[in-house]
Amino acid sequence: MLKIKDNVDLKELEKFGFYLEGNTYKYDLGKGKCFSICTINYEIIEPKIKKTMCRFYRDNAEQNLGRIKFKLMCAGILEKV
């Protein structure tokens with residue numbers, strides 16, 4: 001399970017392509033899916049994505065979700081619990 005670190009300013013998410021919509025920062029994954037982080041309680045909202053057999057499809061939501069999680073973990077924004 002992933003969680004946002006306590007000392008992180010959520011404005012840093014804009015560097016990774018997130019945009020603020022209401023009370024959530026959203027990142028478009030493709031195919032109408034988005035990865036969201038709530039600014040009120042720092043909750044992570046992940047979409048349900050079907051596994052696909054396409055490995056190198058640019059608009060593959062499954063691969064995009066894995067990429068953005070990895071980038072946020074390397075930047076020190078997310079941590080495993």
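Q: Which pattern does the protein follow, read along the sequence?
A: This is a predicted model, where local features need pLDDT of at least 70, side-chain atom pairs count only at pLDDT 80 or more, and totals for chains, interfaces and linings use all residues. Residues are numbered from 1 along each chain as its sequence is written, and side-chain values use heavy atoms, leaving out hydrogens and water. Helices (H or I, at least four residues) and strands (E, at least two) are DSSP runs, numbered from the N terminus. Along the sequence, the pattern is β-β-β-β-β-α-β.

Q: What radius of gyration does the protein have?
A: The radius is taken over C-alpha atoms, and the globule rule is 2.2 Å times the number of residues to the power 0.38. For 81 residues, a compact globule would have a value near 12 Å; the protein agrees, with 13 Å.

Q: Is C74 buried or exposed?
A: Buried means under 20% relative accessible area, exposed over 50%, and partly exposed in between (1.4 Å probe, protein chains only). C74 has a relative accessible area of 55%, so C74 is exposed.

Q: How many disulfides does a search of the whole structure find?
A: A disulfide is a pair of cysteine sulfur atoms within 2.5 Å. The search finds zero. C34 is in no disulfide, and its nearest cysteine sulfur, that of C38, is 13 Å away. The count is zero.
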